[in-house]
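Biologist: Please go through the labels attached to this model and tell me what each one rests on.

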Amino acid sequence: MRSPLKFKWFLFTQLPSVWFWGIRVTELTSKRCELWMPFRWSTKNPFRSIYFAALSGAGELASGILCMLHLAGSGSFSMLVTGFEAQFHKKADCATRFVCEDGEKLAAMLQTLTQPGQTGTFTMQVEGITEKGVHVATFKLTWSFKKRDR
């Protein structure tokens, strides 16, 4: 995820709509993920703002990348979004960044899943903020995790 070329290939093969939107990872640590989405023809709606589906997709990805980072090398897990809540506060009329800072809490929850078959859920919050500093959206995604046998 940290390599721009590998990330673009991942998006192209696994999430082509995100690749089409031009989303980039600007920061990725165990605590935090920040994505950047351009304001261009592929993300813009007829009302001169970023389409809500693109905003929502970026919100999901910001939390999902943190989940994938914490699951890497920790055995086999399945993960699935089981809840999604969005609040749109203002019009996103320029490039927007998406910030999720729930990495430490997620890691603590995942450490409780030690036996195959154990499940857990975790709700992550992602904030959408334009390059002008305007808070445009808040997303709350509930992820479900299940430890597999492998």
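This is a predicted model: local features need pLDDT of at least 70, side-chain atom pairs count only at pLDDT 80 or more; totals for chains, interfaces and linings use all residues.

Modeller: Residues are numbered from 1 along each chain as its sequence is written, and side-chain values use heavy atoms, with hydrogens and water left out.

Biologist: How do you know that strand 1 and strand 2 pair?

Modeller: Strands are DSSP runs of type E with at least two residues, helices are runs of H or I with at least four, and both are numbered from the N terminus. Two strands pair if DSSP finds at least two bridges between them. Strand 1 (residues 24-28) and strand 2 have 4 bridges and pair in the antiparallel sense. Val25 stands opposite Leu35 in strand 2, and a hairpin of 4 residues joins strand 1 to strand 2.

Biologist: Which bridges join strand 2 to strand 4?

Modeller: There are 5 bridges between strand 2 and strand 4 (residues 96-100), and the two run antiparallel. Met37 stands opposite Thr96 in strand 4.

Biologist: Why is strand 2 called largely enclosed?

Modeller: A residue is buried under 20% relative accessible area, exposed over 50% and partly exposed in between, using a 1.4 Å probe and protein chains only. In strand 2 (residues 33-37), 4 of the 5 residues are buried, so the strand is largely enclosed by the rest of the structure.

Biologist: What makes strand 1 and strand 3 edge strands?

Modeller: The open sheet has 6 strands in the order 1-2-4-5-6-3, with antiparallel pairing. Strand 1 and strand 3 (77-88) each have a single partner strand, so one side of each is left without a neighbour in the sheet. The twist averages 20° from one strand to the next.

Biologist: Which helices pack on the sheet, and at what angles?

Modeller: Axes are lines fitted to C-alpha atoms, for helices over the stretch in contact, and angles run from 0 to 180 degrees between N-to-C directions. Contact means heavy atoms within 4.5 Å. Helix 3 touches strand 1, strand 2, strand 3, strand 4, strand 5 (119-130) and strand 6 (135-147), and its direction makes about 40° with that of strand 6. Helix 4 touches strand 5 and strand 6, and its direction makes about 170° with that of strand 5.

Biologist: What joins strand 6 to strand 3 and to strand 5?

Modeller: Strand 3 and strand 6 pair over 11 bridges in the antiparallel sense, and 11 bridges also join strand 5 to strand 6, again antiparallel. Thr138 in strand 6 stands opposite Gln87 and is also the bridge partner of Glu127. Strand 5 and strand 6 form a hairpin with 4 residues between them, and Gly133 in the turn has a positive phi of about 90°.

Biologist: Why is helix 3 called oblique to helix 4?

Modeller: Angles under 35 degrees count as roughly parallel, over 145 as roughly antiparallel, 65 to 115 as roughly perpendicular and the rest as oblique. The axes of helix 3 (residues 52-71) and helix 4 (residues 103-110) come within 10 Å and cross at roughly 45°. That angle makes helix 3 oblique to helix 4.

Biologist: Which residues meet where helix 3 and helix 4 touch?

Modeller: Leu66, Cys67, His70 and Leu71 in helix 3 meet Gly103, Leu106, Ala107 and Leu110 in helix 4. The contact divides into 6 nonpolar, 2 polar and no charged residues. Here Ala, Val, Leu, Ile, Met, Phe, Trp, Tyr, Cys and Pro count as nonpolar, Asp, Glu, Lys and Arg as charged, and the others, Gly among them, as polar.

Biologist: How do you know whether His70 is buried or exposed?

Modeller: The relative accessibility of His70 is 18%, so His70 counts as buried. Leaving out residues up to four places away in sequence, His70 touches Ser30, Gly103, Leu106, Ala107 and Leu110.

Biologist: And what is Glu60 called, buried, partly exposed or exposed?

Modeller: Glu60, in helix 3, has a relative accessible area of 36% and is therefore partly exposed. With residues up to four places away in sequence not counted, Glu60 touches Val81, Leu141 and Trp143.

Biologist: What makes Arg48 worth a remark on phi?

Modeller: Most residues other than glycine have a negative phi. Phi of Arg48 is near 60°, a positive value in a residue other than glycine. Arg48 lies in the loop between strand 2 and helix 3, and at 64% relative accessibility Arg48 counts as exposed.
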